[in-house]
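Subject: Structure handover

Hi,

Here is the structure I promised.

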Amino acid sequence: MGAGVGAGHRRRGTAAGLFGAVLLVAGTVLSSGGGAYASPSPSSGGQTTGQGEGEDRDGKHGEKGDKGNGDKGSNGDKGPGNNGNNGSNGKGKGRTGATETPHPGGTGTAAAASPSAGRPAPAAGAVLASAETGPAAGLPTTQGLQQALAAALGDKNLGTVSLAVADAADGRLLYGSGENTPATPASTTKLATSIAALSLIPGDTRLTTRVVKSADPGGITLVGGGDPTLTALPADQVQIAGLPADADTAPASLDALARQTAAALKAAGTTAVKLDYDLSMYSGNPQHKYHDAANIALVTPLMVDEGKADPKSREDAPARVADPAGSAAEAFANLLKAQGITVEGKAKAAAAPAAAGAPVLGRVDSPTVDRLVERMLTTSDNTLAEAIARQAALAAHQPASFEGAATAVTQELGRLGVPTAGVVLNDGSGLHQGNAIPPTVLVQLLALAASDQHPALRPVLTGLPIAGFTGTLGKRFGSGSGAAEAAGLVRAKTGSLSGVNTLAGTVVDAEGRLLAFAVMTRTGAPVDTARAAMDRIVARLAACGCH
């Protein structure tokens, strides 16, 4: 292994430096229309809100996550807008699925991040020193990893388990068990969605919601731009994962859009209009196969507050409105009325797409795609994941549907050199039980995000939840899990469906190397028990040099 050791050392500086740039520790969370999809636009102000999207809860077939270690519903984001902004935050209550609970303090918020067990966050100096100045040793060996992980992998609560461990610097597989066998990824599917989207779409792209004059005299059209985080909440009520929003992650404001529109109409001497709304950006069935009106809303290009019936709900899987687009249009009409504009009759779906050159009366923009991806991963937001997947489809000239998005993501992964044998995608969120991804593919995705050759993919790493501190890992790696020593050293995407638990991310080992890992299980054990068993596997990686 002589040559390999040297190469491992030369690469370690890059991987460790990257880890130092993205690890969030010391009690503070650091923030890190053209064509078929939204084009980059100037940065805009606003405030975000994130509401919980129940992650990986598969409706009738799911089981509830436990309160101690469970990752419950995801926190939805609300894309920010040029002007304004609000969104709700929530936790979502899983009605029937295993849930993933986001912990306050995810990416994009400057808030204290303290683990549920109340232990202090690891000191930044100590963590980063180990990552950057670890002893000059080679990479873990297959034999060393096998010995270190044997006991943890033998836990019967894991059921059927497959594993891959790789050097995060170049994706080289170091150890695996069933690593090439496709398994149900649950919400680790969002890693594939994120990689493809960031590869296809400029990271500074914002999703624009517009109001234009319609072809009918006295008519205006609210044009859906694919931003599920657009909010109808006042700015002072906007939160992300239970915390105030910041300028980078604040969502677009429907009220700001109404104010712009009203001002433009009054300037033209108009005080009464007819309103319709354009949903032509998306195609196909808007209802997910496992739709339960809680874990995910109908996937439409126009909605506010992710289609939640109560935009301020903190439940893991909040009730969703039956018609997200119609409800958004109604909310917009009410806001226009508050500005002195009479809306005649009830808003209805437009008979035809808005004309490309139609005069624009108002527009608001979401946060950048980079920020949306980070929030989607931290909180495991299903509705936002499907929106991002459709943007990837449009960028790849595929239909903006479940099928088109799955095709676009799969093709883009292949173009990036990711082996797609055994990969089956049916959605962008991971709620679909028919999805399949081998563990080795998940670690390759993580290695791509860490690669110097693909800096645009970095938000995949910065968006990963931190063990014991943020997002869907906020209540894991606690004092009773047997994995507490790895808190703060692990960043990973969680996944859970009925009987399925997955975890894929990065970990700093005892000698300061950054490793990529994926653990995928299918078991009948209680959710919290299975997750704790998985966390102990990763904790063993953090604790060993494994030579």
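The count comes to one disulfide, taking a disulfide as a pair of cysteine sulfur atoms within 2.5 Å. The bond joins Cys 544 to Cys 546, with S to S at 1.6 Å. The link of Cys 544 and Cys 546 is left-handed, at -75° about the S-S bond. Both cysteines are buried (under 20% relative accessible area; exposed is over 50%, partly exposed in between; 1.4 Å probe, protein chains only).

Before the rest, some ground rules. This is a predicted model: local features need pLDDT of at least 70, side-chain atom pairs count only at pLDDT 80 or more, and totals for chains, interfaces and linings use all residues. Residues are numbered from 1 along each chain as its sequence is written, and side-chain values use heavy atoms, with hydrogens and water left out.

Cores next. A nonpolar core here is a set of buried Ala, Val, Leu, Ile, Met, Phe, Trp, Tyr and Cys residues joined through side-chain atoms within 4.5 Å. The largest one has 48 residues, of which Leu 191, Ile 195, Leu 442 and Leu 445 touch the most other members. Helix H10 (residues 439-450) gives this core its largest share, eight residues. Helices (H or I, at least four residues) and strands (E, at least two) are DSSP runs, numbered from the N terminus. Beyond four places in sequence, Leu 442 touches Thr 188, Leu 191, Ile 437, Ala 504, Ala 518 and Met 520 (contact: heavy atoms within 4.5 Å).

Now Leu 298. It sits in the loop between strand E9 (272-278) and helix H6 (324-338). Why does Leu 298 count as buried? Because its relative accessibility is 18%. Leaving aside neighbours within four places, Leu 298 contacts Pro 286, Gln 287, His 291, Met 303, Ala 322 and Pro 324. Leu 298 and Thr 383 are 85 residues apart in sequence, yet 8.2 Å apart in space, C-alpha to C-alpha.

Last, the lining of the second largest pocket. By class, it has ten nonpolar, two polar and four charged residues (nonpolar: Ala, Val, Leu, Ile, Met, Phe, Trp, Tyr, Cys and Pro; charged: Asp, Glu, Lys and Arg; polar: the others, Gly among them). Strand E5 (206-213) and strand E11 (348-349) each supply at least two residues of that lining.

Best wishes
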